[in-house]
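Biologist: I would like to learn how to read a structure feature by feature. Please give me the general idea each time, and then the case at hand.

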Amino acid sequence: WQLAVPMTVVFSLAFLGERLSSTSYAALVLIFCGAFLVSVRNIRDTLKLTPAFWLMIAAAALVTATSLITKWLYSSAGFWQVQLLLFIGSFIAAAVAFAFFGKLRKGCLGEFKKAGSGLKSLMLSRVLIAEAAYVVSNMAILTGSVSLTLVLGGLTGFFVFASATIISAWWPALFREELDRKTLLTKIVAILLIVF
């Protein structure tokens, strides 16, 4: 997933003429390496060329393309006009999928009907938080470098690790984060790279 970062660096330079200082490139490399280390459990298993690997390469390329297009759109129109068009595009895509894929529609409606009010509230909260994150991320793309915005987005693994560690320490029944000595040392080195 972190491969979206080097892809974005190359394509933002080629298509947007976005140049960074040498200090920014060095920071980008350190954050990229740290974010990669935070997100892996076992490096040998992570770098196997499985079908999932190729799907993640495709996903990283698509994230890169959407980020570059978003930056270009913001240079042509105002932030909220573009944001509204992006929301409308997402809504149309979801509506088309819902309309033409009966099995998907039936499964989604069935799951929604079975869900209790607590789960429905959690789903709504998740949607609102995700949309807020999307808007803030696009504001970062508008006001800064696409490359640096994407590399900082890679810190998600750090926040997931930190949250999972804290939650598993206080509520181990919920889930258990793997905290053996080797894993913990790798994560600490990764965090130091990110901070540096």
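Biologist: Where is Gln-83 found?

Modeller: Helices and strands are runs assigned by DSSP and numbered from the N terminus; a helix (H or I) has at least four residues and a strand (E) at least two. Gln-83 belongs to helix 5. Bear in mind that this is a predicted model, in which local features need pLDDT of at least 70 and side-chain atom pairs count only at pLDDT 80 or more, while totals for chains, interfaces and linings use all residues. Residue numbers start from 1 along each chain as its sequence is written, and side-chain values use heavy atoms, with hydrogens and water left out.

Biologist: Is Gln-83 buried or exposed?

Modeller: The words have cut-offs: buried is under 20% relative accessible area, exposed is over 50%, and partly exposed lies in between (1.4 Å probe, protein chains only). Gln-83 has a relative accessible area of 0%, so Gln-83 is buried.

Biologist: With which side chain does Gln-83 make a polar contact?

Modeller: A polar contact is a pair of N or O atoms within 3.5 Å; within protein, one atom must be able to donate a hydrogen and the other to accept it, and residues adjacent in sequence count only if both atoms are side-chain atoms. The partner of Gln-83 is the side chain of Tyr-74, at 2.8 Å.

Biologist: How many helices and strands does the protein chain have?

Modeller: The protein chain has ten helices and zero strands. Of its 196 residues, 25% are buried.

Biologist: Where is the confidence lowest and where is it highest?

Modeller: Confidence is given as pLDDT, the predictor's score for each residue, from 0 to 100. The protein chain averages 82, and 89% of the residues score at least 70. The lowest mean, 60, falls in helix 3 (residues 43-46), and the highest, 91, in helix 5 (residues 79-100).

Biologist: Which residues of helix 8 are buried?

Modeller: In helix 8 (residues 146-153) these are Val-146, Ser-147, Thr-149, Leu-150 and Val-151. At the start of this helix, a side-chain oxygen of Ser-145 comes to within 3.2 Å of the backbone nitrogen of Ser-147.

Biologist: Which side chains meet in a salt bridge?

Modeller: Side chains of opposite charge can pair when their charged atoms come close. The rule asks for a side-chain nitrogen of Lys or Arg within 4 Å of a carboxyl oxygen of Asp or Glu. By this rule the count is one salt bridge, between Glu-111 and Lys-114 (3.3 Å, N to O). Both residues lie in helix 6 (residues 102-114), three residues apart, about one turn of the helix. Lys-114 is exposed, at 64% relative accessibility.

Biologist: How many disulfides does a search of the whole structure find?

Modeller: A disulfide is a covalent bond between the sulfur atoms of two cysteines. The cut-off used is a pair of cysteine sulfur atoms within 2.5 Å. The search finds zero. Cys-33 is partly exposed at 32%, and Cys-108 is partly exposed at 39%.

Biologist: Which residues form a nonpolar patch on the surface?

Modeller: Patches are made of residues with over 30% relative accessible area and no salt bridge; like charges are joined within 9 Å, and nonpolar side chains (Val, Leu, Ile, Met, Phe, Trp, Tyr) within 5 Å. Accessible areas come from the Shrake-Rupley method with a 1.4 Å probe, and for residues only the protein chains shown count as cover. Here the patch consists of Leu-84, Leu-85, Ile-88, Phe-91, Ile-92, Val-96, Phe-100, Phe-101 and Leu-104, with about 970 Å² of accessible area together. Helix 5 supplies the largest share, seven residues. Phe-91 is in helix 5 and is exposed, at 60%.
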